[in-house]
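Please study the structure before reading each solution.

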Amino acid sequence: RHFPHNEDPALAARKALRANLSDLAAMGADPQAYMACVVWPDTNREARMSGFADGLALDQDIFGVHLAGGDTTSAPGPWMISITAIGAVPKGQAVRRSGAQPGDQLLVTGTIGDAGLGLKARQGIYAPPKADVEWLARRFTLPEPRCALSGLVRQYAHAAIDVSDGLLADARHIAEASRCMLELNLDAIPLSDPARHWLTQQPDRSQALLELASGGDDYELVLTMSADTVTDFITAASRLGIAVTCLGEVTSRGDSDGGLIVQVDGEPITPSSFGFTHF
């Protein structure tokens, strides 16, 4: 589900850790430690173990975390990795999905859709231009959790989530948890140059934008915050080298479970898929 069977063990380890550090960033938590449970397959076990340990050691230094425990076993079947990341947040300041408020602006960090295109390239479904190959491959195999923004998330965000299932799916998670309606403008989603190159090749722009917004594995942050704080947040994030884009707003709160209104060219559009479904 999360990495190819023939993936470099060090990259598999780093992605598994980073995906969980991304969850901490979305709650405004500073990373501290992690636990790892691993099922080692019978084939190439020693080589996998060595590369796996090297990858974890590298990212432990980058993100300032340490291995606190876990469990290991072996089995004939596929390699399985489960990471539980542990972070710290001042009491009462954890940011949840359920805090979005009417009038909030909807924002996203970084760019969207690159990881999905990187997967397509890995699967042979898409052959990107030579200049785009390295960028898309890295975005799929080695995401950048936005841990540097944890303090700003605590300071400014009413609600937040990381983009693992897809921008649309995760924005809808906020809407449902907050019991509110979100309006998201697909024309505003931030795209990298490689994603724009792909978009120009597609016959149906609206469907292509939906595909980019539902691909998943971007590990960016989706946040809601008061309109009068957006500029300060964007400026502070920019100082850390992280771009932030406004995509829409929280329009209402009611007794319903909440929902997501997706628009292209100012018109509502109904997605056939919002993103990855776990079960």
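**Exercise 1.** Determine whether Arg139 is buried or exposed, and identify the salt bridge that its side chain forms.

*Solution.* The model is a predicted one.
Step 1. Arg139 has a relative accessible area of 9%; the cut-off for buried is under 20%, so Arg139 is buried.
Step 2. The side chain of Arg139 meets that of Asp114 in a salt bridge, with 3.3 Å from N to O.

**Exercise 2.** Find the salt bridge between Arg205 and Asp187, and classify the accessibility of each partner.

*Solution.* 
Step 1. The closest N and O atoms of Arg205 and Asp187 are 3.0 Å apart.
Step 2. Arg205 lies in helix H8 (residues 205–213), whereas Asp187 lies in the loop between strand S6 (180–185) and helix H7 (193–200).
Step 3. The relative accessible area of Arg205 is 37%, so Arg205 is partly exposed; Asp187, at 29%, counts as partly exposed.

**Exercise 3.** Describe the salt bridge between Asp59 and Arg14, and state which residues form a network with them.

*Solution.* 
Step 1. The side chains of Asp59 and Arg14 meet at 3.0 Å, N to O.
Step 2. Asp59 is in helix H2 (residues 45–63) and Arg14 in helix H1 (residues 9–26), 45 residues apart.
Step 3. Asp59 counts as buried at 0% relative accessibility, and Arg14 counts as buried at 12%.
Step 4. Through shared partners, salt bridges join Arg14, Arg18, Asp59, Arg138 and Glu144 into one network.

Note on methods
Residues are numbered from 1 along each chain as its sequence is written. This is a predicted model: local features need pLDDT of at least 70, side-chain atom pairs count only at pLDDT 80 or more; totals for chains, interfaces and linings use all residues. Side-chain values use heavy atoms; hydrogens and water are left out. A salt bridge is a side-chain nitrogen of Lys or Arg within 4 Å of a carboxyl oxygen of Asp or Glu. Helices (H or I, at least four residues) and strands (E, at least two) are DSSP runs, numbered from the N terminus. Buried means under 20% relative accessible area, exposed over 50%, partly exposed in between (1.4 Å probe, protein chains only).
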